[in-house]
Amino acid sequence: MSVLRSYLKLVSGSSRAAAQFGLRRDAAQVLVAERMDALLDELRLHKVALNKYTEEQRAYNGEVARQAEAILQMKKRRQEKEAALPLSHDRHLYGGDGEDLPMAPLSRSGRGGDGRGKLEREAFKEARQLLGPPPRKPTAPKSLYLHGQVGVGKTFLMDLFYENAQALSSAENDSSSGPPAPA
């Protein structure tokens with residue numbers, strides 16, 4: 001169903017509501033009903049995009065956690081290795097075991113107390129840098145603003161919009177729950 005079809009059905013001359021309440025077709029109301037139908041379509045697509053975003057965000061967060069855990073374990077092993085070596089100038093410039101690659105020294109605060117929290121934060125930061133930015137949340141469709149004199153049909157049209165939005169939502173929920181049960 002659509003807002004426009006619901007509207008046209010109600011204001012047609014054969015409708016009981018049209019006869020009872022004196023409803024008649026209005027060009028401005030038809031335009032608003034068309035825009036409401038477009039908004040319903042945009043909202044339906046937005047809902048699909050939000051579901052996809054949620055799945056991507058969940059996967060991204062899981063991968064960040066896995067990478068951060070691996071980085072944390074490497075940092076802890078490096079810290080333990082560093083703690084076993086005698087303190088020297090070379091140890092801070094290089095890995096301390098003859099490696100020729102410069103490495104940033106680990107702080108001594110990485111042991112005990114608050115140090116684990118700091119290492120975890122560093123590991124998560126590095127994991128996010130490795131994986132790049134998280135998925136972008138889709139932008140919501142633009143809304144409608146109805147205004148006009150008293151009695152021009154604003155509430156009438158919004159009621160039709162709400163009914164169609166509810167019907168669309170329940171139809172999507174019915175289709176997502178699988179095939180209907182046999183009667």
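Student: How much space lies in the second largest pocket?
Tutor: This is a predicted model, in which local features need pLDDT of at least 70 and side-chain atom pairs pLDDT 80 or more, while totals for chains, interfaces and linings use all residues. Residues are numbered from 1 along each chain as its sequence is written, and side-chain values use heavy atoms, without hydrogens or water. A pocket is an open set of points on a 1 Å grid over the protein atoms alone, with protein on both sides within 12 Å along at least five of seven lines; its volume is the space filled by 1.4 Å probe spheres set on the points. For the second largest pocket, that space is about 170 Å³.

Student: Which helix gives the largest share of the lining of the second largest pocket?
Tutor: The lining (residues with an atom within 4 Å of a point) includes Ala28, Gln29, Val32 and Arg35, together with Leu144, Tyr145, Leu146 and His147. Val152, Gly153, Lys154 and Leu157 are also among the lining residues. Helices are DSSP runs of H or I, at least four residues long, numbered from the N terminus; H3 (27-84) and H6 each supply at least two lining residues. The largest share, four residues, comes from H3.

Student: How far apart are the end C-alpha atoms of H3?
Tutor: H3 has 58 residues, and at 1.5 Å a residue it should span 86 Å. The expected span takes 1.5 Å times one less than the number of residues. The model agrees with this, because the end C-alpha atoms of H3 are separated by 83 Å.

Student: What is the volume of the largest pocket?
Tutor: The lining of the largest pocket includes Tyr7, Val11, Gly22, Leu23, Arg24 and Asp26. Gln29, Gly151, Val152, Gly153 and Phe156 are also part of that lining. The largest pocket has a volume of about 230 Å³.

Student: Is Phe156 buried, exposed or partly exposed?
Tutor: Buried means under 20% relative accessible area and exposed over 50%, with partly exposed in between (1.4 Å probe, protein chains only). Tyr7, at 0%, is therefore buried. Phe156 has 22% relative accessibility and so counts as partly exposed.

Student: What is the relative accessible area of Gln29?
Tutor: Gln29 is found in helix H3, and lines both the largest pocket and the second largest pocket. Gln29 counts as buried because its relative accessible area is 10%.

Student: What distance separates the C-alpha atoms of Ala123 and Ala65?
Tutor: Ala123 lies in helix H5 (residues 115-131) and is buried, with a relative accessible area of 0%. Along the chain, Ala123 and Ala65 are 58 residues apart. Their C-alpha atoms are separated by 9.2 Å.

Student: What share of the residues in the protein chain is buried?
Tutor: The secondary structure comes to six helices and zero strands, in the pattern α-α-α-α-α-α along the sequence. Of the 183 residues in the chain, the buried share is 22%.
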